Amino acid sequence: MAAAAAVHGISTEALLTARRPSLCPVITMPAELTYLGAYPATLQEQVLGLLREDRRALAPLLQRRYPQAHGVRTDKALYHYAQEIKNRHLRNADAVNKVVFDSKIHVVRHALGLHTSISRVQGNRLTAKHEIRVAAMFKQVPDEFLRMIVVHELAHLREKQHNKAFYQLCEHMEPRYHQLELDVRLYLTHVELGGERLWAADSA
Ligand SMILES: [Zn+2]
């Protein structure tokens with residue numbers, strides 16, 4: 001039945017090739033900064049400078065900016081959360097059939113979110129079934145971080161590539177999109193360095 005399947009996720013690699021400025025090949029990136037590979041060298045050096053002084057330097061900055069965790073606890077609540085954003089900004093795009101938290105995608109594919117579309121031939125029509133998966137670690141983050149991931153995956157309903165039109169669509173849905181993506185990546189950097197989950201306590 002399935003005519004074609006396309007899988008798309010936010011991967012570090014995709015961003016590396018998409019937006020990485022040209023760097024001198026002699027300068028290798030420290031492993032802990034892999035989540036920031038797409039950003040200018042000056043920004044990476046700034047973050048590295050903070051982390052060299054204190055490995056936990058990013059934690060208080062992020063907690064001050066985002067004091068509270070969101071309250072989306074179940075897949076059903078996540079589906080409604082995504083649907084609400086889609087109805088407001090992408091009403092005419094294809095329907096999204098499923099939106100779930102996934103505990104495997106981050107570990108296996110290094111993806112934060114994943115958009116899957118499966119095209120099927122039904123009679124003489126071609127229909128697409130869309131699924132969005134959000135890495136389970138986003139159950140315990142501020143609303144802004146969850147929104148950034150959901151907005152990113154919803155934008156893939158219209159644009160498959162991470163091109164200019166794609167990011168314009170993300171900004172249309174969430175004007176702070178680029179700031180939020182950077183802050184999400186700073187948080188991932190903090191966790192990668194062995195830092196604690198900053199919003200886990202609020203989820204009880
Ligand atoms: Zn993407």
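Biologist: How many Å should the 15 residues of α4 span, and why?
Modeller: Helices are DSSP runs of H or I with at least four residues, strands are runs of E with at least two, and both are numbered from the N terminus. The expected span of a helix is 1.5 Å times one less than its number of residues. For the 15 residues of α4 that gives 21 Å, and the end C-alpha atoms of α4 are 21 Å apart, so the two agree. This is a predicted model, in which local features need pLDDT of at least 70 and side-chain atom pairs count only at pLDDT 80 or more, while totals for chains, interfaces and linings use all residues. Residues are numbered from 1 along each chain as its sequence is written.

Biologist: Which residues of α4 are buried?
Modeller: A residue is buried if 20 or more other C-beta atoms lie within 10 Å of its own, exposed if 12 or fewer, and partly exposed in between, with C-beta atoms placed from the backbone. In α4 the buried ones are Leu78, Ala82 and Lys86. Seen down the axis of α4, they fall within an arc of 70 degrees, so they line one face of the helix; the arc is that of the directions from the helix axis to the C-beta atoms. The face turned away from this buried side carries the exposed residues Lys76, His80, Glu84, Asn87 and Arg88.

Biologist: What do the buried residues of α4 pack against?
Modeller: They pack against β2, β4 and α6. Of the 13 residues in α6, eleven are buried, among them Phe145, Arg147 and Ile149.

Biologist: Which residues have the most contacts inside the largest nonpolar core?
Modeller: In soluble globular proteins, nonpolar side chains tend to be buried together. A nonpolar core is a set of buried Ala, Val, Leu, Ile, Met, Phe, Trp, Tyr and Cys residues joined through C-beta atoms within 7 Å. Here the largest one has 38 residues, and Phe145 and Ile149 have the most contacts inside it. Helix α6 gives the largest share of this core, eight residues. Two residues are in contact if their C-beta atoms, placed from the backbone, lie within 7 Å. Leaving aside neighbours within four places in sequence, Ile149 is in contact with Leu112, Gly113, Val134 and Phe138.

Biologist: Is Gly113 buried or exposed?
Modeller: Gly113 lies in strand β3. It counts as buried because it has 25 C-beta neighbours inside 10 Å. By contrast, Ala95, in the loop between α4 and β2, counts as exposed because it has 11 such neighbours inside 10 Å.

Biologist: In which sense do β3 and β4 pair?
Modeller: Two strands pair if DSSP finds at least two bridges between them. Strands β3 and β4 pair in the antiparallel sense over ten bridges.
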